[in-house]
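Visitor: I've got a model open and I'd like a walk around it. Could you take my questions one at a time?

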Amino acid sequence: MASGNTYTTRIKADAKLGEIIDTFVECSRQIPIKNTLWYPSCTVVANRYVYNALNILLSVLPAFAVDIFLRLQGGKPMAMNMSKFYNKLVTATGYFNSNEWSFKRDNIADMINKVKTFEDGNLVKLDLQDMDWKKYLANYLAGIKIFVLKEDSQSINTAAQRLSIFYWIRQITKGFGIIILFLIISVTILLCTDYFNVMFPA
């Protein structure tokens, strides 16, 4: 399990979704799963067109590369299917993730105050204002790794090596993606220029 001294950054009780996602991704990199299929990352954007472009660059192309890598290892390709599933999940939860929500906690606050009046009230921690969410998420991921996936706690070194490989595959894929995007933009500009030269000759 993760040490309590390792994770000290705290997220406020009114934390934004982006802060929670960033912390979760960071913990995922520190406590990688043995059979992870890609380098953990998440970019939150509000514009649909920007999202689609980033999705191709950061999700579809890397998933395609991972499936090729799995085929070369004799494994079953699954990254593209996972990418499609993730996109469906993002679409389904988009409304809830892209709006701000406020919840009343009057009953909880009242219960906390009542518990504090008891002699041993301090033994029960109900107020999450000072909760170390980074430590919580790290322990949460470690628990999944050990108790759900039944991975040995010593396998973190193997998982870290695998994650390092995926990191460089991700960087190379991003590089190729940027080159392809640049070529598409260049060709589009060239075609538009030729079109205007034909339609509006000097």
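Visitor: At what angle do H2 and helix H3 pack?

Guide: Quick ground rules: this is a predicted model, where local features need pLDDT of at least 70 and side-chain atom pairs count only at pLDDT 80 or more, while totals for chains, interfaces and linings use all residues. Residues are numbered from 1 along each chain as its sequence is written, and side-chain values use heavy atoms, with hydrogens and water left out. Helices here are DSSP runs (H or I, at least four residues; strands are E, at least two), numbered from the N terminus, and axes are lines fitted to C-alpha atoms, for helices over the stretch in contact, with angles from 0 to 180 degrees between N-to-C directions. For H2 and H3 (residues 79-97), the axes are 8 Å apart and the packing angle is about 155°.

Visitor: Are H2 and H3 roughly parallel or roughly antiparallel?

Guide: Angles under 35 degrees count as roughly parallel, over 145 as roughly antiparallel, 65 to 115 as roughly perpendicular, and the rest as oblique. The angle between these two is about 155°. H2 and H3 are therefore roughly antiparallel.

Visitor: Which residues of H3 make the contact with H2?

Guide: Contact means heavy atoms within 4.5 Å. From the H2 side come Tyr51, Asn55, Ser59, Val60, Ala63, Phe64, Val66 and Asp67. Their partners on H3 are Ala79, Met80, Ser83, Asn87 and Val90.

Visitor: Is asparagine 55 buried or exposed?

Guide: Asparagine 55 sits in helix H2 (residues 48-72), and touches Val60 and Asn87 once residues up to four places away in sequence are set aside. The cut-offs are under 20% relative accessible area for buried, over 50% for exposed, and partly exposed in between (1.4 Å probe, protein chains only). Because its relative accessible area is 14%, asparagine 55 is buried.

Visitor: How far apart in space are asparagine 52 and asparagine 87, C-alpha to C-alpha?

Guide: Asparagine 52 is also placed in helix H2, and is partly exposed at 35% relative accessible area. In sequence, asparagine 52 and asparagine 87 are 35 residues apart. In space, their C-alpha separation is 9.9 Å.

Visitor: Which residues does leucine 70 touch, not counting residues up to four places away in sequence?

Guide: Leucine 70 belongs to helix H2 and is buried, with a relative accessible area of 8%. From leucine 37 it is 33 residues away in sequence, yet 9.2 Å away in space, C-alpha to C-alpha. The residues touched are Leu37, Gly75, Lys76, Pro77 and Met78.

Visitor: How many salt bridges does the count come to?

Guide: The rule asks for a side-chain nitrogen of Lys or Arg within 4 Å of a carboxyl oxygen of Asp or Glu. Aspartate 110 and lysine 114 pair up at 3.3 Å, N to O, both in helix H4 (residues 106-116) and four residues apart, about one turn of the helix. Glutamate 151 and lysine 145 meet at 2.6 Å, and both are buried. By this rule the count comes to three.

Visitor: Which residue does glutamate 26 meet in a salt bridge?

Guide: The N to O distance in this pair is 2.5 Å. It links distant parts of the chain, 108 residues apart, with glutamate 26 in helix H1 (residues 17-30) and its partner in helix H5 (residues 133-148).

Visitor: Leaving aside neighbours within four places in sequence, what is asparagine 35 in contact with?

Guide: Asparagine 35 lies in the loop between H1 and H2 and counts as exposed at 56% relative accessibility. Its C-alpha is 8.2 Å from that of arginine 162, though 127 residues separate them along the chain. The contacts are Glu151 and Arg162.

Visitor: About what area does the nonpolar surface patch with Ile184 have?

Guide: Patches take residues with over 30% relative accessible area and no salt bridge, joining like charges within 9 Å and nonpolar side chains (Val, Leu, Ile, Met, Phe, Trp, Tyr) within 5 Å. Isoleucine 184 is in helix H6 (residues 156-199) and is partly exposed at 47%. The patch is made by Ile172, Phe176, Ile179, Ile180, Phe182, Leu183 and Ile184. With areas from the Shrake-Rupley method with a 1.4 Å probe, where for residues only the protein chains shown count as cover, the patch comes to about 720 Å².
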